[in-house]
Amino acid sequence: MKIYGDSKSGNCLKVKWTADFLGRTYDWIEVDITRGESRTPAFLAMNPAGQVPAVSLDDGRPLAQSNAIILHLAEGSPLIPADACARMLEWLFWEQYSHEPYVAVARFQVVYQGKSPTELDARLVERAAAALQRLETGLAGGDFLVGDAVTLADVALVAYTRLAPEGGFDLDLYPRVKAWVARVETALGIA
């Protein structure tokens, strides 16, 4: 298997972390999107959307979209809880619609576009803070988002949550989230 990704991207790293956690063998192919490497004819032939992450599976089939990839890789593993799969999927869908577009975008604008956190659009900051608060509330019942062990919900959501301070968010305001990030990093071996 080949994983095409940008090692600074949370969406790419969650694919790497899932493969590592499951002991999957792969070649990591670094793709610099800022230099147009995801827009080459060869890359577009594999993923017409021109986005990372993308994988070339062992049999050569391509697969894109981070959550689709991690779901495929984790089939039959403890990362997908048999008794709470729908709950895990709920978090995965929420992550792409209500978390990543705000938390990751705020980080991108600060880190890569050079904006100060005070220059960010107020609505973006408000929605990112609401996403972090939703995680804080969701962690009231336990150490992980679904059940008693790390699942794909944790893998998907820790990717950009752990980087939220780079976008100007203070995780000290979310003590459950901060403790959860440390637990998930330890469980995944990325601490």
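How many disulfides does the structure hold? I began there. The count is zero. I was working on a predicted model.

**Cysteines**

Cys-12 is buried, and its relative accessible area is 0%. Cys-85 comes out at 28% relative accessibility, so I logged Cys-85 as partly exposed.

**Salt bridges**

Next I turned to charged pairs. Side chains of opposite charge can pair when their charged atoms come close. I found eleven salt bridges in the structure. I wrote up three of these pairs, given below.

I took Arg-61 and Asp-59 as one entry. Their side chains meet in a salt bridge, with N to O at 2.7 Å. Asp-59 has 51% and is exposed. The line for exposed is over 50%, so Asp-59 passes it.

I then checked Asp-143 and Arg-183. The N to O distance in this salt bridge is 4.0 Å. A salt bridge needs the nitrogen within 4 Å of the carboxyl oxygen, so I recorded that cut-off beside the entry. Where do the two residues lie? Asp-143 sits in the loop between helix H5 (122–138) and helix H6 (152–161), while Arg-183 belongs to helix H7 (residues 175–188). The pair therefore ties together parts that are 40 residues apart in sequence. Both ends got an accessibility value. Asp-143 is partly exposed at 46%. Arg-183 is partly exposed at 26%.

I moved on to Arg-162 and Glu-185. Their side chains form a salt bridge at 2.9 Å, N to O. This pair links distant parts of the chain, 23 residues apart: Arg-162 is in the loop between H6 and H7, and Glu-185 is in helix H7. Is Glu-185 buried or exposed? I read 16% relative accessible area for Glu-185, which is buried. Arg-162 reads 24% and is partly exposed.

**Aromatic pairs**

I searched the whole structure for ring pairs. The search gave three aromatic pairs. I noted the geometry of two of them, given below.

Tyr-4 and Phe-43 pair edge-to-face. I have 6.1 Å from centre to centre and 80° between the planes. I checked burial for each ring. Tyr-4 is buried at 16% relative accessibility. Phe-43 is buried at 5%.

Trp-91 and Trp-94 came next. Their ring centres are 5.4 Å apart and their planes stand at 90°, so I filed the pair as edge-to-face. Why are these two separated by about one helical turn? They are three residues apart in helix H4 (residues 85–111). I also logged how accessible each one is. Trp-91 is buried at 2% relative accessibility. Trp-94 is buried too, at 18%.

Note on methods:
Residues are numbered from 1 along each chain as its sequence is written. This is a predicted model: local features need pLDDT of at least 70, side-chain atom pairs count only at pLDDT 80 or more; totals for chains, interfaces and linings use all residues. Side-chain values use heavy atoms; hydrogens and water are left out. Buried means under 20% relative accessible area, exposed over 50%, partly exposed in between (1.4 Å probe, protein chains only). Helices (H or I, at least four residues) and strands (E, at least two) are DSSP runs, numbered from the N terminus. Rings of Phe, Tyr and Trp (its six-membered ring) pair if their centres lie within 6.5 Å; planes under 30 degrees apart count as stacked, over 60 as edge-to-face and the rest as tilted. A disulfide is a pair of cysteine sulfur atoms within 2.5 Å.
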